[in-house]
Amino acid sequence: MSIPHLVLNASGVVQAVMLLLLVGSVLSWVIIFQRTIVMRHAARAHRQFEERFWSGVDLNELYREEAEDGEPQGTEHLFRSGFREFNRLLSRTRSPAAILDGVQRSMRVAWSREEERLNHHLVFLATVASASPYIGLFGTVWGIMGSFQSLSMSQQATLSTVAPWIAEALIATAMGLFAAIPAVIFYNRLSSESSRLLGKYEDFAEEFHSILHRNLQGRGESDDS
């Protein structure tokens with residue numbers, strides 16, 4: 001009646017259910033650790049860039065410095081996308097509205113890519129969280145069916161006849177919960193952190209848009225004078 005003995009001697013269907021749940025649990029933990037590292041890195045990068053941005057540094061200088069860092073991420077991605085579009089349109093049109101609309105579209109695209117990056121693989125966690133209990137329940141039902149079949153074929157109903165079937169059925173249930181509970185907890189946690197970061201990115205985009213708007217107003221007043 002030991003757990004390894006029950007697993008190894010379970011029916012093929014129940015073993016397949018256990019294997020599926022084990023694979024789902026392992027992959028869930030890999031994603032949990034990987035996404036946790038990504039979220040922490042993204043939060044730290046956001047704080048560092050905002051400190052640099054609000055330190056009073058010239059935007060052109062900041063853009064040149066950040067351009068040397070390689071592939072942008074997070075707030076830096078929004079800044080570089082918006083400022084690159086700002087400089088491109090500034091030399092092509094004198095319409096502030098057209099420039100600001102282009103900047104806003106560019107930052108919206110960057111924000112969507114950051115949303116996709118932060119939420120990468122979270123759908124898998126949600127799937128494991130929702131499907132694992134039902135997969136485990138299927139293994140449980142199959143094990144209970146086996147116990148009834150063993151009862152029907154035996155002359156005398158004893159606990160030793162049905163106990164292995166019921167035990168393996170309960171193991172399938174336990175494995176389903178073991179896979180689902182961490183997936184639910186960390187999916188909610190990681191989704192919350194992702195939403196919080198995306199909200200900060202959106203706030204930065206609005207503030208940066210306002211700065212560029214004031215910059216264009218200052219240019220217009222200088223041209224008029």
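This tour moves through the structure selection by selection and states what is found at each stop.

**Before starting**

The structure is a predicted model, in which local features need pLDDT of at least 70, side-chain atom pairs count only at pLDDT 80 or more, and totals for chains, interfaces and linings use all residues. Residues are numbered from 1 along each chain as its sequence is written, and side-chain values use heavy atoms, with hydrogens and water left out.

**Stop 1: the whole chain**

Display the chain as a cartoon. Its secondary structure consists of seven helices and zero strands, and from the N terminus on the elements read α-α-α-α-α-α-α. Helices (H or I, at least four residues) and strands (E, at least two) are DSSP runs, numbered from the N terminus.

Of the 225 residues, 39% count as buried. Buried means under 20% relative accessible area, exposed means over 50%, and partly exposed lies in between, with a 1.4 Å probe and protein chains only. Among contacts (heavy atoms within 4.5 Å) between residues at least 6 apart in sequence, 79% join residues at least 24 apart.

**Stop 2: serine 28 in helix α2**

Select serine 28, which is located in helix α2. Is serine 28 buried or exposed? Serine 28 is buried, because its relative accessible area is 3%. Leaving aside residues up to four places away in sequence, serine 28 touches Phe124, Leu125, Val128 and Ala183.

**Stop 3: helix α4**

Select residues 75–90, which form helix α4. This helix of 16 residues reaches 22 Å from its first C-alpha to its last, close to the 22 Å expected at 1.5 Å a residue. The expected span is 1.5 Å times one less than the number of residues.

Helix α4 is largely enclosed by the rest of the structure, because 12 of its 16 residues are buried. Among them are Leu78, Phe79, Phe83, Phe86 and Leu89.

Now show the side chains of glutamate 76 and arginine 80. They form a salt bridge, with the closest N and O atoms 3.3 Å apart. A salt bridge is a side-chain nitrogen of Lys or Arg within 4 Å of a carboxyl oxygen of Asp or Glu, and the structure holds four of them. Glutamate 76 and arginine 80 are four residues apart in α4, about one turn of the helix. An α-helix has 3.6 residues a turn, so residues three or four places apart point the same way. Glutamate 76 counts as buried at 12% relative accessibility, and arginine 80 is buried too, with a relative accessible area of 11%.

Because they are three residues apart in α4, about one helical turn separates them. Glutamate 85 is buried at 16% relative accessible area, whereas arginine 88 is partly exposed at 35%.

**Stop 4: helix α5**

Select residues 96–118, the 23 residues of helix α5. The helix spans 33 Å from its first C-alpha to its last, close to the 33 Å expected at 1.5 Å a residue. Its buried residues include Ile99, Leu100, Val103, Met107 and Leu118.

Which residue forms a salt bridge with glutamate 114? The partner is arginine 117, and the closest N and O atoms are 2.8 Å apart. The two are three residues apart in α5, so about one helical turn lies between them. Glutamate 114 is buried, with a relative accessible area of 2%, while arginine 117 is partly exposed, with 21%.

Next select arginine 108, also found in α5, which is partly exposed at 46% relative accessible area.

**Stop 5: the cavity**

How many cavities of 30 Å³ or more are there? The count is one. On a 1 Å grid over the protein atoms alone, a cavity is a set of points where a 1.4 Å probe fits but cannot get out, and lining residues have an atom within 4 Å of a point. Grid points are joined across faces, edges and corners, and the volume is the space filled by probe spheres set on the points.

The largest cavity holds about 40 Å³ of space. To see its lining, select His41, Ala42, Ala45, His46, Gln73, Gly74, Thr75, Arg117 and Tyr201. Helix α2 (residues 12–53) supplies the largest share of the lining, four residues.

Conventions
On a 1 Å grid over the protein atoms alone, a cavity is a set of points where a 1.4 Å probe fits but cannot get out, and a pocket is an open set with protein on both sides within 12 Å along at least five of seven lines; lining residues have an atom within 4 Å of a point.
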